[in-house]
Amino acid sequence: MDPATIIGLVLAFGALFGMMTMEHVGIVSIILPAPMMLVFGTTIGVGLASGTLSDTINSFKSIPGAILAKKSNPVASIDSLVSIAEKARSDGLLALEQEAEGVDDPFLKGALQSVADGTDGDELRELLEEEIQSRTSTLRTSAKFFMSLGGYAPTVGIIGTVVSLTHVLENLSTPDKLGPLIASAFVATLWGLLTANLIWLPLGGRIKRVMELEIARMTLIMEGVLAVQEGTQPRLLGERLRAMVPKSQLPAEGKLVKSKKVSEDVAA
């Protein structure tokens, strides 16, 4: 699991509460049920109205998966594909059917089964590209949903402040009440900004990034399987796939050479 989201949110809320403590602002002064109900309820309601009920439900269901998403490991995928290429080169493409039975990844398993079944290369590429789109469509919709909530929340907060200020204007004859009333009026704007920038937008950004990494992973697998089908030499396949991966996600050259040497010693 990549802990970036948890660390980031803890840091963000920690900085907020730290500032409030230094400024001697009581937490109770911003925990007001009315503006919080308005901001959360209206924001989610408007988000629901802009899509479908299933979009909203699936978006909230995607939160745990996005936060607990596994770290991307393209090197492991490349090593697996190179091993598969060696198997296909020595035993033929039909051997990939047996190889697919030991694969945990449904996408790779389906791709290998299609190759073993003799699916045409162009048809297989089209099939896998459509599968990538369908597998990531829920994440794409979820990211869009939370991004939209991040856009609605500040405006909803302003609406809450305007409504509260009308109540303030009704009490101009009691100056001693104006201070607390004005302060509570701006709490709605505060919650609109807080939820947008500390909850909805980070969630949308996280889900979008998880989707991008998943697309990159499946695209890497797709290109690898298609190359195996074409009979690409395993070493060349490994170099070709590594060229598709950002250098920051690859091990240092020294570590790579050492890893290769260890593998060769084990094989010997």
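Figure 1. L68 is exposed, with a relative accessible area of 51%. In this predicted model, L68 sits in the loop between α3 (53–67) and α4 (74–91). L68 counts as exposed because its 51% passes the cut-off of over 50%.

**Figure 2. The whole chain, for orientation.** The protein has eleven helices and zero strands. From the N terminus on, the elements run α-α-α-α-α-α-α-α-α-α-α. The C-alpha atoms fill a box of roughly 90 × 40 × 25 Å, taken along the principal axes. The radius of gyration of the protein is 27 Å, whereas a compact globule of 268 residues would have one near 18 Å. Of the 268 residues, 34% are buried. Nine salt bridges are found in a search of the whole structure. Three of these pairs are shown below: D105 with R217, R125 with E223, and E131 with R135.

**Figure 3. The salt bridge between D105 and R217.** The closest N and O atoms of D105 and R217 are 2.6 Å apart. The pair links distant parts of the chain, 112 residues apart. D105 lies in the loop between α5 (95–101) and α6 (106–116). R217 belongs to helix α9 (residues 187–230). D105 is buried, at a relative accessible area of 18%. R217 counts as partly exposed, at 24%. The two fall into separate classes because the cut-off for buried is under 20%. E214 joins this pair: D105, E214 and R217 are linked in a network of salt bridges.

**Figure 4. R125 and E223 between helices α7 and α9.** The side chains of R125 and E223 meet in a salt bridge, at 2.9 Å from N to O. R125 lies in helix α7 and E223 in helix α9, so the pair ties together parts that are 98 residues apart in sequence. E223 is buried, with a relative accessible area of 13%. R125 is partly exposed, with a relative accessible area of 29%. Helix α9 also holds R217, the partner of D105 in the previous view.

Figure 5. E131 and R135 form a salt bridge. Their closest N and O atoms are 2.9 Å apart. Both residues lie in helix α7, four residues apart, so about one helical turn separates them. E131 counts as partly exposed, at 22% relative accessibility. R135 is partly exposed too, with a relative accessible area of 39%.

**Figure 6. A patch of negative charge on the surface.** The patch gathers D120, D122, E123, E126, E129 and E130. E126, one of its members, is found in helix α7 (residues 121–169). E126 is partly exposed, with a relative accessible area of 48%.

Terms used: Residues numbered from 1 in each chain as written. Predicted model: local features only at pLDDT ≥ 70, side-chain atom pairs only at ≥ 80, totals over all residues. Heavy atoms only, no water. Patch = residues over 30% accessible without salt bridge, like charges linked within 9 Å, V, L, I, M, F, W, Y side chains within 5 Å. Areas by Shrake-Rupley, 256 points an atom, 1.4 Å probe, with all protein chains shown as cover. Salt bridge = Lys/Arg side-chain N within 4 Å of Asp/Glu carboxyl O. Lys, Arg positive; Asp, Glu negative; His and termini not counted. Charge placed at Lys NZ, Arg CZ, Asp CG, Glu CD. Helix = DSSP H or I, 4+ residues; strand = E, 2+ residues; numbered from the N terminus. Buried < 20%, exposed > 50% of the residue type's maximum accessible area, 1.4 Å probe, protein only. Rg over C-alpha atoms; globule rule 2.2 N^0.38 Å.
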